[in-house]
Amino acid sequence: MADPYQNNVYHQGGGDPYGTYGEGGDQEGYGYQGESYPQEEDAASDATEGHDDEDQMYEGEYQGIPHPDEVKAAQRAARAKARQAQAGATELEELAEQYEDIMEDCGHGRFQWSLFIVLGLALMADGVECFVVGFVLPSAEKDMCLSNGEKGMLGLIVFLGMMVGAFIWGGMADKLGRRKCLIWALTINCVFAFLSSFAQGYGFFLFFRLISGIGIGGSVPIVYSYFSEFLQMDKRGEHLSWLCMFWMVGGIYASFTAWGIIPHYGWGFSMGTEFQFHSWRVFVLVCALPAITSLVGLMFMPESPRFLLENAKHDEAWMILKNVHDTNWRAKGQPEKVFQVPTLTPTGYYYYGLGVWFPDMIKYLQQEEYESKVKVFHRERVERFHFNFSLENQIHREGEYINDKFINIQMKSVKFEDSLFEDCYFEDIESTETIFENCTIRSTVFYNTDLYEERFIDCRLENTTFLHNKKGCHLDIDEENDVLIYLVSFLGSLAVLPGNIISALFMEKIGRVKIIGLSMLISAGCTFFLFLSFSQAAIIAWQCLFCGVSVAAWNGIEVITVELYPASKRATAFGVLNALCKLAAILGTSIFASFVGVTKVVPILLSCTALVCGGLVALKLPETREKILQ
């Protein structure tokens, strides 16, 4: 049978699997040189001029330490011997072995670090996306007058989009290419994130964030598949773990920028009452910068050569591999090092649950503390009084207000119960969480206020007039609690750093399976600390501890997922698994949030059970530390 790779692969004599690619100029456009080639004595490279063999002696030879090249050659020989002994080895397995040899020749250097930064920014954009809506909600609800149901839907829609995006882009990346799909995914994310910052209505904002989430949902499954195919086996676990740190950086970036931008509500502009662009919209734009920067960087990056080989685009793959090789060795001061090409044979829930529960519990405790300081006024009678000061966190019961004026004031969390308002005048009122319940309101005028008729629950309105009601939610009171949430998210993201560093340093030494299992079991133990103390400070401390420990399992899962699946299915598998992860986020957000203020036992036990079961199952997974990337 004719070899379908005959036009792309060049064989050498003597049975040597390495030699010359395009030797003698037989094939146009290629000048890859073999391991040995004729050279005039006076045409030697300047890099070797003035040196003799003794000068080039390996320093470790005196200590009996083998040269790295000798170690590499021994490893290759062992793998080749194993291939020969394994008569049933498939063509795909042989390609994987030989591709590993090529990546070892290319080395790890400038090219991989450049790609590391570009793909890291894409992963950072995914981390930012998970925080954006949560940070803007307190301000967006004022601009859009969102109900609790609408706020809940907005929080879920991002994860829904990311779930759909992970599933779609993962499969497409295995069919169309890693680089091409990642460019399209980031482009969609950037365009619709930009549009969402200008959306004035809830419906448009919800739709744009959904499409933006679908776009960024492709980053995780593509990034890890893409980067792993430029890494040699002994570097893969460590450097994929370092790449995971960018998700943490995304959380820090989102928290820091939210803290610095959103509280400045005046940073923006308005065009009447129909178009408003406040500081939270500036924050949404700033959050798109990592994706934009990554998109620009991808324009200078090549497609994965492993994907190209899987799709019979061999010439293009060789050119990319030669460029990787030359870039790395030129940066190391060895531009004359030869690119060798072998003869290839033909081939054809737990984190998100607690993650959303911690911030919700902190908000609940803050609300409890706020309500505990409420001022209650009982049976007060106020007549002919001018209210020109703000009212906040108050309850007025069975009061009587006769011929009073409420002008140019703010009302926050104010409730009037069983009270009488007669001949009163309300003007220029801005309010939030303010209601009138079972009140009698007679001969009263509401002019230019946001006290709509639905704020009056079971009230009797007699000869009452509403004129020029305000549109939108205009109340602007500095929220200390919102700032605390930014700080909590910042600390939670920063706490991941030690776990990231430890997992990266020990991923190759301990192994993926032990990292995952131990991390999940220790995280399960951390959840029980929540029974010891339940103050705001304690929850923040336990959140930081939990995030710092559990991230090692995340990193191990990312690495082992890359290594368990072949190149033709790698991004698809990663996409499906990441989609399930986002589904867990949706379920965690819904289920765990429902227990806030009800009980802490159920969320803790659910998380602990999931972590223990996951950790024990993880210990049964096959170790992939020394596995050739299929």
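Predicted model: local features only at pLDDT ≥ 70, side-chain atom pairs only at ≥ 80, totals over all residues.
Q: Why are helix α5 and helix α7 called roughly antiparallel?
A: Helix α5 (residues 178-198) and helix α7 (residues 219-228) pack at an angle of about 150 degrees, and their axes are 10 Å apart. Angles over 145 degrees count as roughly antiparallel, and α5 and α7 are therefore described in that way.

Q: Which residues make the contact between α5 and α7?
A: On the α5 side they are Arg178, Arg179, Cys181 and Leu182, and on the α7 side Ser219, Ile222, Val223, Ser225 and Tyr226. A contact requires heavy atoms within 4.5 Å. Sorted by class, the contact of α5 with α7 has five nonpolar, two polar and two charged residues.

Q: What makes α3 roughly antiparallel to α7?
A: Helix α3 (residues 110-144) packs against α7 at an angle of about 165 degrees, with the axes 9 Å apart. The limit for this description is an angle over 145 degrees, so α3 is roughly antiparallel to α7. The crossing in which α3 passes α7 is left-handed.

Q: How many nonpolar residues does the contact of α3 with α7 have, and which residues make this contact?
A: From α3 come Gln112, Leu115, Phe116, Leu119, Ala122, Leu123 and Asp126, while α7 provides Ser219, Val220, Val223, Tyr224, Tyr226 and Phe227. By class, this contact has 10 nonpolar, two polar and one charged residues.

Q: At what angle do α7 and helix α18 pack, and what is the hand of their crossing?
A: The angle between α7 and helix α18 (residues 570-593) is about 145 degrees, and the axes are 8 Å apart. The crossing of α7 and α18 is right-handed. The contact is made by Val220, Pro221, Tyr224, Ser225 and Ser228 of α7 together with Arg570, Ala571, Phe574, Gly575 and Asn578 of α18. It has five nonpolar, four polar and one charged residues by class.

Q: How do you know that strand β10 and strand β12 pair?
A: Pairing requires at least two bridges between two strands. Strand β10 (residues 405-417) and strand β12 (residues 425-432) are joined over seven bridges, in the parallel sense.

Q: What makes β12 and strand β15 a pair?
A: Four bridges join β12 to strand β15 (residues 445-449), and the two run parallel. The requirement is at least two bridges. Glu427 stands opposite Tyr447 in β15, and Phe426 stands opposite Phe446 in β15.

Q: How many bridges join β15 to β18?
A: There are three bridges between β15 and β18, which run parallel. Tyr447 stands opposite Leu467 in β18.

Q: What makes β6 and β17 the edge strands of the open sheet?
A: The open sheet has five strands in the order β6-β9-β11-β14-β17, with parallel pairing. Both β6 (381-383) and β17 are edge strands: each pairs on one side only. On average, neighbouring strands of this sheet are turned by 5 degrees against each other, direction ignored.

Q: How do you know that β6 pairs with strand β9?
A: Three bridges join β6 to strand β9 (residues 400-402), which run parallel. At least two bridges are needed for a pair. The bridge partner of Val382 in β9 is Tyr401.

Q: Where is Thr464, and what does its side chain reach?
A: Thr464 is placed in the loop between β17 (460-462) and β18 (465-467). Its side chain reaches the backbone oxygen of Ile441 at 3.1 Å. The distance limit for a polar contact is 3.5 Å, and the value for Thr464 is 3.1 Å.

Q: Which residues does Thr464 contact, leaving aside its neighbours within four places in sequence?
A: With those neighbours left aside, Thr464 is in contact with Ile441, Arg442, Ser443, Thr444 and Phe446. Among them, Phe446 is also the residue of β15 that stands opposite Phe426.

Technical notes
Residues numbered from 1 in each chain as written. Heavy atoms only, no water. Axes fitted to C-alpha atoms, helices over the stretch in contact; angles between N-to-C directions. Parallel < 35°, antiparallel > 145°, perpendicular 65-115°, else oblique. Nonpolar A, V, L, I, M, F, W, Y, C, P; charged D, E, K, R; others polar. Polar contact = N/O pair within 3.5 Å; in protein donor to acceptor, adjacent residues only side chain to side chain. Left-handed = near helix turned anticlockwise from the far one by under 90°.
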